[in-house]
Amino acid sequence: MLRRRICSILSSSIFNAITPRPLPIQQSLRFLQCPNPNSKLNNGGGEFGLWFGFGGFRAYSLLSLNDLRGNVPRKQKTRKGRGIGSGKGKTAGRGHKGQKARGSGKLGFEGGQTPLRRRFPKRGFKNPFSLTFQPVGLGKIAKLINEGKIDSHELITMKTLKDTEAIGKQIKDGVRLMGRGADQIKWPIHLEVSRVTVRAKAAVEAAGGSVRKVYYNKLGFRALLKPEWFEKKGRLLPKAARPPPKQRDKVDSIGRLPAPTKPIPFFIEEKEPASGSLT
């Protein structure tokens, strides 16, 4: 605003100094406009007439983008329920009584008619007790042992497999030992996994090793793979949980925390021979 006012004052003062005689109303209003330089005025002649001739004074506009106003709507927001004079008073546009006047209805309600979600039959089933195990083959473990990333003389746990990137990061409920590459196992190894196939177990035991199926719940499995998380939070490692009744026959023992380094030997209870007959 200040720029436009200064521009108008300067243009009027310079015009009055150059042309002392009064001008008609049409010409006095024309000097505020910027004439086309390509057109020739009747009163002035040449370039001088375009600038300072009797046809008017050419003034450059000092308007800039930061002087422009935004297109702000002047209509105020309707305030419902603030009096009859506001136009939306009393019932505030909701009418009289009724379900919509008192509040919103239930989502999916169709006025008593059987809703759409009940008209279509159900399809599929999601077992809440299902478990997802990440598979790992014996051939991959043998390859890591040959590369020196896994020590075959120590116990190989699921944490060992995760640290050596034998399995991915997306581990949900445990690891399943598969028999792929079983012919590459030439030495005894000891493993602790969640599940093991018949072929993989037979190959490990044939080489003189052992495989134990251990149980970890969700919290215990996290404590096995990421014990540093509990230390960061200032919490102690949880106690080992017992398997539920449906999984007791599928595991050999309870998982140990923190990650163990030595295997648990399998004890075979040999029955004592019955005493001979009295002589």
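I looked up Phe230 to begin with: at a relative accessible area of 1%, Phe230 is buried (buried is under 20% relative accessible area, exposed over 50%, partly exposed in between, with a 1.4 Å probe and protein chains only). Trp229 has 28% relative accessibility and so counts as partly exposed.

A note on the source: this is a predicted model, where local features need pLDDT of at least 70, side-chain atom pairs count only at pLDDT 80 or more, and totals for chains, interfaces and linings use all residues. Residues are numbered from 1 along each chain as its sequence is written, and side-chain values use heavy atoms, leaving out hydrogens and water.

**Aromatic pairs.** I counted two aromatic pairs (rings of Phe, Tyr and Trp, the last by its six-membered ring, with centres within 6.5 Å; planes under 30 degrees apart are stacked, over 60 edge-to-face, the rest tilted). The ring centres of Tyr216 and Phe221 lie 6.5 Å apart with the planes at 50 degrees, so I logged this pair as tilted. Tyr216 and Phe221 are both buried. Trp229 and Phe230 make an edge-to-face pair, 5.0 Å centre to centre with 85 degrees between the planes.

**Helix H9.** I then turned to H9, residues 218–225, where Gly220, Phe221, Ala223, Leu224 and Leu225 are buried (helices are DSSP runs of H or I, at least four residues, and strands runs of E, at least two, numbered from the N terminus). Their cover includes helix H7 (158–163) and helix H10 (227–233), by contact, meaning heavy atoms within 4.5 Å.

**Helix H8.** Which residues of H8 are buried? I found Ala200, Ala203 and Val204 buried in this helix, residues 198–206. They sit on the same side of H8, because they cover an arc of only 95 degrees around the axis (taken from the directions from the helix axis to the C-beta atoms). On the other side of H8, Val198 and Ala206 are exposed. Just after H8, Gly208 has a positive phi of about 95 degrees.

**Second largest pocket.** Lys162, Lys218, Phe221 and Trp229 are among the residues that line this pocket. H9 gives the largest share of the lining, five residues. I noted five nonpolar, no polar and six charged residues there (Ala, Val, Leu, Ile, Met, Phe, Trp, Tyr, Cys and Pro are nonpolar, Asp, Glu, Lys and Arg charged, the others, Gly among them, polar). A pocket here is an open set of points on a 1 Å grid over the protein atoms alone, where a 1.4 Å probe fits, with protein on both sides within 12 Å along at least five of seven lines; lining residues have an atom within 4 Å of a point.
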